[in-house]
Amino acid sequence: MPNEMIELTKRQAWKDLDSHFRNIRASSLRRLFADDPSRGERMAVQAEGIYFDYSKHLITGETIKLLIRLADESHIRDRIDAMFSGEKINVTEKRAVLHVALRAPKGKSIRVDGKNVVPEVHAVLDKMADFANRVRSGSWKGYTGKPIRNVINIGIGGSDLGPVMAYEALRHYSKRDMTFRFVSNVDGTDFAEATQDLSPEETLFIISSKTFTTLETMTNAHTAREWTLRSLKQDSAVAKHFVAVSTNEKEVAKFGIDTANMFGFWDWVGGRYSMDSAIGLSTMIAIGPEHFRSMLDGFHKMDEHFRTAPFERNLPVIMGLLGIWYNNFFGAQTAAVLPYEQYLKRFPAYLQQLTMESNGKHVTREGKAVDYQTGPIYWGEPGTNGQHSFYQLIHQGTKLIPCDFIAFLKPLNQLGRHHDLLIANVFAQSEALAFGKTPEEVKAEGTPDWLIPHRTFEGNRPSTTILIESLTPEALGKLVALYEHSVFTQGAIWDIDSFDQWGVELGKALAVRIIPELEKEPSAGLQHDSSTNTLIRKYIGSRK
């Protein structure tokens with residue numbers, strides 16, 4: 001790879017993009033569309049059931065050519081091949097990155113250290129399916145012989161955000177005579193509210209922790225154990241009301257869970273990429289194994305598209321490159337994800353971990369400080385709710401915020417004209433952001449001169465519109481994989497490790513040190529800074 005060691009900002013494509021940006025940054029989307037009547041059709045890609053319209057971006061055909069050249073100079077194709085072939089591209093932890101193996105079909109070969117991991121993946125999926133069917137059918141009984149009616153997933157981070165997002169997204173397909181809840185926060189309120197109206201006799205807990213030592217998860221797990229045994233009394237009841245998603249057989253058995261009901265996964269699966277592994281057990285129980293496998297099929301179809309499609313027609317690559325364009329040249333610090341589908345209400349929160357834990361890095365893979373911006377802040381809410389909340393800032397504020405509008409052509413719940421109104425708002429918002437309203441147009445409406453500046457919209461606010469037929473399990477898999485591989489593309493260009501998360505560790509380590517200090521009287525021996533010492537004493541003093 002002749003350009004492998006060339007720093008990002010010294011690559012020729014980067015320099016050319018910088019020069020191009022100076023020429024184009026004052027461009028108007030009104031003018032770009034006026035000069036190219038076919039722009040709306042030309043700057044769109046349809047692949048794998050997704051229509052991806054990127055015409056309302058501050059770009060020209062030359063911009064896309066230069067961005068693709070940057071991808072080539074960054075050896076994105078080699079990086080894609082390295083991931084799919086099981087190379088240990090997570091350099092700081094010396095691990096392969098193979099969430100794509102979680103959705104590979106039977107018969108496919110993906111190797112780690114010379115071993116095909118696909119048979120193991122399907123063995124776990126089959127075990128999950130057998131268990132899910134027993135719970136769903138009522139043949140799995142609780143300690144007192146009653147069937148399970150409530151499932152509570154206890155996890156945190158990727159062990160929570162993925163399952164809860166998938167459950168909410170696919171609630172339409174879920175078993176409606178069962179209740180599904182999710183506990184992640186170590187704040188006791190989270191557990192108390194999740195169990196407030198449930199019977200322990202009919203409740204199953206899924207404890208999701210790879211090591212079975214995660215502080216927040218295990219604190220909630222032990223509280224769940226105490227809650228269960230207060231009613232069921234006997235320790236032997238634990239095996240009927242708890243299962244584990246973990247790799248620590250010793251700790252699982254110590255907790256009282258039958259290790260036959262332990263579902264494993266692998267160190268080449270990062271937490272934020274694990275919703276389609278055993279971490280998705282609650283999802284499979286909710287929607288059934290058939291729908292779960294359909295979701296995996298959607299993931300795999302987008303994986304193959306990403307792996308094989310030329311960059312100019314490659315949805316995740318185009319999405320990732322547009323993110324680079326705004327983050328690194330326009331200086332945009334955030335990106336908004338705006339799903340016009342109530343079932344996707346947790347999708348922006350899920351993407352926050354996927355994007356910011358992956359690409360919130362300040363050094364390259366070689367450990368050198370970057371001299372450019374990396375991961376932007378992701379945020380959002382479902383439409384149309386956000387329109388009556390933060391859209392004001394996107395339309396008329398001083399910050400440039402690229403937006404992703406996500407919409408579905410067919411509703412899952414057909415109620416009168418609701419869906420027409422919803423989709424009208426999607427199209428109207430992207431149009432308004434792009435083209436705005438000029439002072440002349442405002443004046444022509446009869447607006448008094450003093451009010452014209454307040455009612456003027458500058459426009460030139462970029463957005464992508466993503467259209468999908470309907471929100472099926474397969475469509476959800478495609479959508480999540482689209483963002484996964486977009487994150488990969490950006491991380492590869494920034495030359496950072498998108499698959500470690502050392503930034504999570506320091507605060508957790510300090511919390512472990514502080515916990516015993518909170519459980520005793522104030523001591524002059526506290527060894528923190530003056531602020532933290534004072535806060536600890538204030539907290540302890542409040543208990544008197």
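## Aspartate 303 and its helix

Let's start with aspartate 303, which is found in helix H13 (helices, H or I with at least four residues, and strands, E with at least two, are DSSP runs numbered from the N terminus). This is a predicted model, where local features need pLDDT of at least 70 and side-chain atom pairs count only at pLDDT 80 or more, while totals for chains, interfaces and linings use all residues. Residues are numbered from 1 along each chain as its sequence is written, and side-chain values use heavy atoms, with hydrogens and water left out.

Is aspartate 303 buried or exposed? Its relative accessibility is 0%, so aspartate 303 counts as buried (buried means under 20% relative accessible area, exposed over 50%, and partly exposed in between, with a 1.4 Å probe and protein chains only). Leaving aside neighbours within four places in sequence, aspartate 303 is in contact with Phe84, Val100, Arg103, Ala481 and His485 (contact means heavy atoms within 4.5 Å). Serine 208 is another matter: C-alpha to C-alpha, aspartate 303 and serine 208 are 26 Å apart in space, and 95 residues apart in sequence.

With a relative accessible area of 14%, histidine 300 is buried. Not counting residues up to four places away in sequence, histidine 300 touches Arg103, Ala104, Pro105 and Lys108.

## Where H13 meets H20

How do the two helices sit against each other? The axes of H13 (residues 289–308) and H20 (residues 473–494) come within 7 Å and cross at roughly 35° (axes are lines fitted to C-alpha atoms, for helices over the stretch in contact, and angles run from 0 to 180 degrees between N-to-C directions). The crossing is right-handed, a term for when the near helix is turned clockwise from the far one by less than a right angle; left-handed is the anticlockwise case.

On the H13 side, the residues making the contact include His291, Met295, Phe299, Asp303 and Phe306. On the H20 side, they include Leu476, Ala481, His485 and Phe488. By class, the contact has 10 nonpolar, six polar and six charged residues (Ala, Val, Leu, Ile, Met, Phe, Trp, Tyr, Cys and Pro count as nonpolar, Asp, Glu, Lys and Arg as charged, and the others, Gly among them, as polar).

Next comes an open sheet of five strands in the order E6-E5-E7-E8-E9, with parallel pairing (two strands pair if DSSP finds at least two bridges between them). Strands E6 (179–183) and E9 (262–263) stand at the edges with a single partner strand each, so one side of each has no neighbour in the sheet. Strands E5 (residues 150–154) and E7 (residues 203–208) run parallel and are joined by five bridges, with asparagine 153 standing opposite isoleucine 206 in E7.

Helix H7 (residues 158–169) packs on this sheet, touching E5, E6 and E7, and its direction makes about 150° with that of E6. Helix H8 (residues 188–195) also packs there, touching E5, E6 and E7, at about 170° to the direction of E6. As for H7, 12 of its 12 residues are buried, so the helix is largely enclosed by the rest of the structure. Its cover includes E5, E6, E7, helix H12 (281–287), helix H15 (347–359) and H20.

Strand E12 (residues 403–408) is mostly covered, with six of its six residues buried. In a regular strand the side chains alternate between the two faces of the sheet. Here Cys403, Phe405 and Ala407 lie on one side and Asp404, Ile406 and Phe408 on the other, all of them buried.

E12 runs parallel to strand E10 (residues 334–339), joined by four bridges, and leucine 338 stands opposite phenylalanine 405. Six bridges join E12 to the parallel strand E13 (residues 463–468), where threonine 465 stands opposite phenylalanine 405. E10 is mostly covered as well, with six of its six residues buried.

A cis peptide bond joins glycine 383 and threonine 384, with omega about 10°. Aspartate 113 has a positive phi of about 50° although it is not a glycine, and with a relative accessible area of 65% this residue is exposed. Phenylalanine 212, not a glycine either, has a positive phi of about 60°, but phenylalanine 212 is buried, with a relative accessible area of 3%.
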